[in-house]
Amino acid sequence: MSKNDTISTAIQQKLKIYDYEYETVPGKARKSWYVIALIWLAIGIDISGLFFGAFLSSGLPFPQAVVATLVGSALLGVLAGFCANVGYGCGLSTTLLSIAVFGRWGGGVVGLLTSISLLGWFAFQLDFFSVLLQKSLFTYGFEVGRLPVLLFGMVLMTSTAIWGFRALAQLSIISVPLMVILIITGVALAAVDIHAPNPAIITSPMSMGTAISYVVSIWIVSTVMSPDVARYAKTRKDAFLGAGLGFFLGNSFTILLSLSLAHMVGSDDLVNTFFIVGLGASAILVLVFAQWTTNSSNLVFAALGLSAIIKIITRPMLIIVLSVVGLVLAQNGMINNLTNFLSLLGAFISPIAGVYLVEYYFIRDNRFAEIGASSDAINIFGAIAWLCGSILGLMTSPDIFNLFTLTSVSALDGIGTSMIVYFTLKNVYLPCGKNI
């Protein structure tokens with residue numbers, strides 16, 4: 001690091017807001033698997049999951065929707081475990097891993113791409129938050145403007161994101177049990193009060209493969225970026241178990257809850273459903289806590305990626321800038337294009353993991369050990385593999401080109417393609433293991 005970087009790091013360490021964005025996480029800052037899992041659980045229990053569950057209920061009958069959720073979440077859990085293991089093994093953020101694998105320029109592009117996608121998620125989540133909180137308050141006779149609600153959400157989420165991983169861990173310990181208790185209470189109330197289920201009407205039919213693809217895509221960015229949290233794991237088991245359980249349970253729990261409520265109540269209107277089952281004010285509390293934890297993590301990971309590229313601005317300042325940009329995007333409306341957004345994420349983000357997974361598990365040519373010292377501007381083979389995976393993901397995506405199907409899950413198509421292409425290029429065209 002330069003002298004200015006060192007001074008900036010010292011200041012952030014003094015304020016306890018340093019998140020080891022430029023280096024390997026030291027042993028004293030490492031955490032056990034249940035802390036890692038709690039963070040992912042807190043991130044997974046959010047409004048977008050509830051919204052998606054309601055959306056899924058309008059596309060598939062209840063039993064098929066449950067199967068799609070469990071299969072998609074299991075795939076996420078397995079993938080997250082392998083990605084998290086890379087983060088533990090290297091102790092580096094996803095952006096630094098990407099720089100090691102794709103080169104200085106290539107890694108910078110990857111870091112920028114993932115940060116932009118996370119900024120988009122922040123704007124989506126903030127938009128979800130404002131719409132549902134406005135509707136909830138209106139039920140009690142309070143008519144609050146859209147901008148004040150957006151500002152409230154932005155300030156709340158930014159306040160913890162500035163402090164990084166430590167704040168996420170502390171907030172998750174409080175918020176996860178609270179949200180789980182309140183949500184389970186809602187299901188119990190619905191089961192008692194509504195004796196005969198009123199299944200939601202299928203208004204937008206979808207195939208099982210499309211449903212699983214959506215379930216995977218809703219968390220694919222976080223899966224690819226799971227090294228950002230796993231680098232804090234004490235052991236390899238902590239990294240793998242924390243991410244695997246956190247992703248599987250975090251993703252499936254919220255979607256299954258929303259599916260169950262929609263099945264019992266017969267409505268895909270989330271606020272209406274919460275109030276029908278009698279949660280009332282508790283629902284508002286769930287909404288606040290759910291988005292607080294999830295959107296704070298979006299800002300943390302987005303800024304973490306950019307901080308490795310834009311070193312003249314501190315990570316806390318990047319978080320503030322990103323939150324303001326996200327506010328502007330949310331104010332202009334983001335929730336009307338959820339499925340298209342998920343499909344694009346699956347196509348462009350998932351192949352990144354394919355490249356660094358092959359590099360870590362199969363190639364092992366010291367790229368990770370040489371982070372910061374490598375003279376490579378770009379790893380051409382890595383760029384080609386990512387491009388091939390992205391193109392194939394776009395071609396198999398149900399919301400983009402939809403030309404054909406392979407696994408029926410476009411995100412997995414992209415990961416598999418990038419893995420095969422990268423492994424082939426490295427081992428067939430360059431048997432000696434050198435890079436361009």
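Is the crossing of α4 and α8 right-handed or left-handed? I looked this up in a predicted model, in which local features need pLDDT of at least 70, side-chain atom pairs count only at pLDDT 80 or more, and totals for chains, interfaces and linings use all residues. Residues are numbered from 1 along each chain as its sequence is written, and side-chain values use heavy atoms, without hydrogens and water.

Entry 1, the chain. I counted 17 helices and zero strands (DSSP runs, H or I of at least four residues for helices, E of at least two for strands). Of the 436 residues, 58% are buried (under 20% relative accessible area, 1.4 Å probe, protein chains only).

I found that the axes of α4 (residues 62–90) and α8 (residues 208–217) come within 8 Å and cross at roughly 45°; axes are lines fitted to C-alpha atoms over the stretch in contact, with angles from 0 to 180 degrees between N-to-C directions. The crossing is right-handed: the near helix is turned clockwise from the far one by less than a right angle.

By class, I noted ten nonpolar, four polar and no charged residues (Ala, Val, Leu, Ile, Met, Phe, Trp, Tyr, Cys and Pro are nonpolar, Asp, Glu, Lys and Arg charged, the others polar).

Nine of the ten residues of α8 are buried, so α8 is largely enclosed by the rest of the structure.

Definitions and conventions. Buried < 20%, exposed > 50% of the residue type's maximum accessible area, 1.4 Å probe, protein only.
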